[in-house]
Amino acid sequence: MSIASISKSGPYAHGDSSVQKTMFTVLLALTPATLFNLYLFGWPAILLFTVTVGACLAVEAGCLSLAGKPVRATLADCSALLTGWLLAMSLPPWAPWWLGVLGAIFSIAMAKHSFGGIGQNVFNPAMVGRTVLLISFPVVMTTWIAPHPLFSAGAPGLFEAIAITFGGQMPDAVSSASALGHIKTELSRHIPVTESMAQVPGLMDMLLGYRAGSMGETSAILILAGGLFLMAKRIISWHIPLSVMGGLFLMAAIFHAVDPARYASGTFHLVSGATFLGAFFIATDYVTSPVTRKGQLIFGLGCGVLIWLIRNFAGYPEGVAFAVLLMNGLAPIIDQYTRPRAFGRTSKGEPLPLKEKP
Amino acid sequence: MKLFPIRGGIHPDYRKELASEKAIVVMPLPAALYIPLQQHIGAPAEVLVNEGDLVKKGQMIARNQGAVSASQHAPTSGRIKTVTDVTAPHPSGLPQTTIILEPDGRDEWGELPEPISDPFTADAHTINDRVAQSGIVGMGGAAFPSAIKLNLGEQKKLDILLLNGAECEPYLTCDDRVMREYADEIIDGARIMAHALGTPRVVIGIEQNKPQAIAIMTRAASAFPNVEVIAVPVQYPMGSERHLVQAITGRETPARKLTADLGIVVHNVSTARAVHQAVRFGRPLVARVVTVSGGAIREPNNVLTPIGTLVADLVAFCGGFSARPERVVNGGPMMGQPLPSLDVPVVKGTSGILALTAEEINDRPADACIRCGSCVTVCPCGLSPVEMSAFIRKDKLEVAAKLGVMDCFSCGSCSYVCPSHIPLVHYFNYAKGMLNDLERERSKSERIKTLAEVRTIRIEKATEAKRAALAARKPAAENTSPVKTGEAEATTEEKANA
């Protein structure tokens, strides 16, 4: 009998986790919200989604082959698929095709592979892609449309959709402001939040997702369901989602209590924009968030507070992508200061003092 | 009783059901037994027999030597075939001196030491001597000579003897079976040990996945008010000495200290049974229960195996292989050592022989780390495997040491959960080995430096003395050449010191 090379240390057992399985579970969790929004925004959204995800896979394959890494095996880890999926979810649903392709290049080539590929990037690739697009093409990136569910009256058919996505023929009458954008614009016209809130969709529509917004962000309920599924599968823990939402809610609630005419309520901030998507699927990205539980709480709180600051005081109505990217930059240093206490040692690393026996 | 939480840990696929319901069976004597002189931590024993000697079962054939060591005894009666080098049951595959015994089939006991009739009135020395004389070592796997641990009572004030029946490693069921079948012997052994240690309390910790063992042990302990059986949560690595102590008492052993510094001594349940045998019957440790299991074993079982039985013979007794084993492991799958071949003997620390299929091991080439942080969450020592491995990969071992790599006891939880299949424990074992080497090197050069400095001072003093003597003599004899003499003496000294 022969025993295979014994060069490697134990353990000689392994859990059934793998990178591919992790990524695949995240995709599965995103599916309900994605399907709902593809339905809500119809054929143009489906086309843009396909183009964006396809472009991400193509750019990933190109980068891998340039770097001389195994292409097929690495593509199979589903990480590029997930990046593409998240990027697509953060785009306006009727945006032109080239936006998705540019976003893919920025996400995969610039934010991921120039840092060394999977696991090496400091910043969330999908959010880098989205942010570059938002800064470069602010108009296209903030052209929202009201829901046009598939097969409903007024929804574009496949051929109209091709014209919208690939021909750049955006119909004029359909655009609609996002709730956050609307409030911001009205504030700049000195109309208080208390009045402008009358025009935004009701809380129920916001929760269910029947509202204008990015391709995948509108349904808080379905994203929450996906997030809870990820927690049940132990892919993510509650620390980041809860602290992101907690930070945002606390800031918003406090300021809303002080000046309701200037600041929207905590609940409004929670259900609008990309709060849920950001809290459950974007801030929780493994590579770019801290590894310790304590660090994750700090990271999440930071994201939440920054989201609120950007939404209220910066030039953009939405701040999830910016907030996450800023906190991504801090993740390594948060990790360094939140290492767990080693067994038998003080938090400074000295052996525990020997206590008198009880 | 209130238990205390321990940090991290995992819930691996235990697969104990492969062997847990198999009652202990006795292994028939094989054609030859291979008894290594070193089956324990410490110095190898000194051979007492020669080729051709006839020995009886239980006769001492190698005596402990040095402060930390253990004797070896003939596991059966027979003839000493030879004393030679045989591959050790160690991943290195290096040979070590081994006594080869050919059983005569009669299995006759030799003259044994008198039973200690009333151990509870005997003094600690008598019991410790008996344990030392019987070659008993820790049977949980570490194989530290037990008598030394029993002597701790002389140096420290102890309050609890903790018997480790956690058996948290997957597959292993030998302690479970011993507890179910020999509960009274374990508890008697434990009470004797507690007497020797001077601990008023005996606590037996058993993981909750062994309900029968808990019930039987609790019943056996009920007669003794100071003996308590505690069911501890199923959470690998609960069987780690320090973690078990923390779970049961809430006391956290400081780094670089022993649990004995907290007043607690931990022994394995099977060790307690061996102590019972040695004290009550004078029988030395010549056999142990080994779990033979794994997906590649045809008939997994718990086998009372004579020490020195070849793994090949033991595997054959269990029906041989039903599939090609990817690895044969000595101990549990988490912390066990791979065997270099099947032609190595079962020793006192062998708790299990596992023949694992590739599917069970589920090994894969490592992917890039995705910083999921699972390793940090599960580390029972509160370390950050993700960071340490990154530094070790870049050979920045000093940084890894600062991050606490030397506190890692290689439980394997991090490697087990890593979705990228990064061999984290492998990195840590490498770093620990290298850092130990560096440390040895450093203390060696430190020592050389000290010696050199001492020598310089000595020479200076000698020269000074000469000069003084010369100065005193100078007016008397001006034409001698004392400088040369001094140099010559220094040279002689240098040679003597070299």
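This is a predicted model: local features need pLDDT of at least 70, side-chain atom pairs count only at pLDDT 80 or more; totals for chains, interfaces and linings use all residues.
Trainee: Which elements of chain A have the lowest and the highest mean pLDDT?
Mentor: Chain A as a whole averages a pLDDT of 91, and 96% of its residues score at least 70. Residues 1-6 of chain A stay under 50, and the model has ten contacts beyond four places in sequence for them. Among the elements of the chain, the lowest mean, 84, belongs to helix H10 (residues 203-208), and the highest, 97, to helix H12 (residues 239-258).

Trainee: Is A:Leu203 buried, partly exposed or exposed?
Mentor: A:Leu203 is placed in helix H10 of chain A. Leaving aside neighbours within four places in sequence, A:Leu203 is in contact with A:Thr267 and A:Val271. A residue needs 20 or more other C-beta atoms within 10 Å to be buried, and 12 or fewer to be exposed. With 13 C-beta neighbours inside 10 Å, A:Leu203 therefore counts as partly exposed.

Trainee: How far apart in space are A:Leu203 and A:Lys112?
Mentor: In sequence, A:Leu203 and A:Lys112 are 91 residues apart. From C-alpha to C-alpha, the separation of A:Leu203 and A:Lys112 in space is 37 Å.

Trainee: How are H1(A) and H11(A) oriented to each other?
Mentor: The axes of helix H1 (residues 19-67) and helix H11 (residues 220-232) of chain A come within 8 Å and cross at roughly 170°. Angles over 145 degrees count as roughly antiparallel. H1(A) and H11(A) are therefore roughly antiparallel.

Trainee: By class, which residues make up the contact of H1(A) with H11(A)?
Mentor: H1(A) passes H11(A) in a right-handed crossing. H1(A) contributes A:Thr25, A:Val26, A:Ala29, A:Leu30, A:Pro32, A:Ala33 and A:Phe36, while H11(A) contributes A:Leu222, A:Ile223, A:Ala225, A:Gly226, A:Gly227, A:Phe229 and A:Leu230. By class, the contact has eleven nonpolar, three polar and no charged residues.

Trainee: How do the residues of the contact of H5(A) with H16(A) divide by class?
Mentor: The crossing of H5(A) past H16(A) is left-handed. A:Met127, A:Val128, A:Arg130 and A:Thr131 of H5(A) meet A:Ala321, A:Phe322, A:Val324 and A:Leu325 of H16(A). These residues divide into six nonpolar, one polar and one charged.

Trainee: Which residues of helix H8 of chain A are buried?
Mentor: Helix H8 spans residues 179-188 of chain A. What covers its buried residues includes helix H9 (193-196) and helix H15 (293-313) of chain A. The buried residues of H8(A) are A:Ala179, A:Leu180, A:Gly181, A:Ile183 and A:Lys184.

Trainee: What share of the residues in chain B is buried?
Mentor: The secondary structure of chain B comes to 16 helices and 17 strands. Its C-alpha atoms fill a box of roughly 100 × 65 × 50 Å along the principal axes. Of the 498 residues in chain B, the buried share is 53%.

Trainee: Which residues of H4(B) are buried?
Mentor: Helix H4 (residues 174-181) of chain B is largely enclosed by the rest of the structure, because seven of its eight residues are buried. Those buried residues are B:Cys174, B:Asp175, B:Asp176, B:Arg177, B:Val178, B:Met179 and B:Arg180.

Trainee: Where is B:Pro237 found?
Mentor: Most peptide bonds are trans. The bond from B:Tyr236 to B:Pro237 is cis, with omega near 0°. B:Pro237 is found in the loop between strand S11 (227-232) and helix H7 (241-249) of chain B.

Trainee: What phi does B:His421 have?
Mentor: B:His421 is found in the loop between helix H14 (413-417) and helix H15 (424-473) of chain B. With 18 other C-beta atoms within 10 Å, B:His421 is partly exposed. Although B:His421 is not a glycine, its phi is positive, at about 55°.

Definitions and conventions. Residues are numbered from 1 along each chain as its sequence is written. Chains are lettered from A and ligands numbered from 1 in the order in which they are written. Helices (H or I, at least four residues) and strands (E, at least two) are DSSP runs, numbered from the N terminus. Two residues are in contact if their C-beta atoms, placed from the backbone, lie within 7 Å. A crossing is left-handed if the near helix is turned anticlockwise from the far one by less than a right angle, and right-handed if clockwise. Ala, Val, Leu, Ile, Met, Phe, Trp, Tyr, Cys and Pro count as nonpolar, Asp, Glu, Lys and Arg as charged, and the others, Gly among them, as polar. Axes are lines fitted to C-alpha atoms, for helices over the stretch in contact, and angles run from 0 to 180 degrees between N-to-C directions. Angles under 35 degrees count as roughly parallel, over 145 as roughly antiparallel, 65 to 115 as roughly perpendicular and the rest as oblique. pLDDT is the predictor's confidence in each residue, from 0 to 100.
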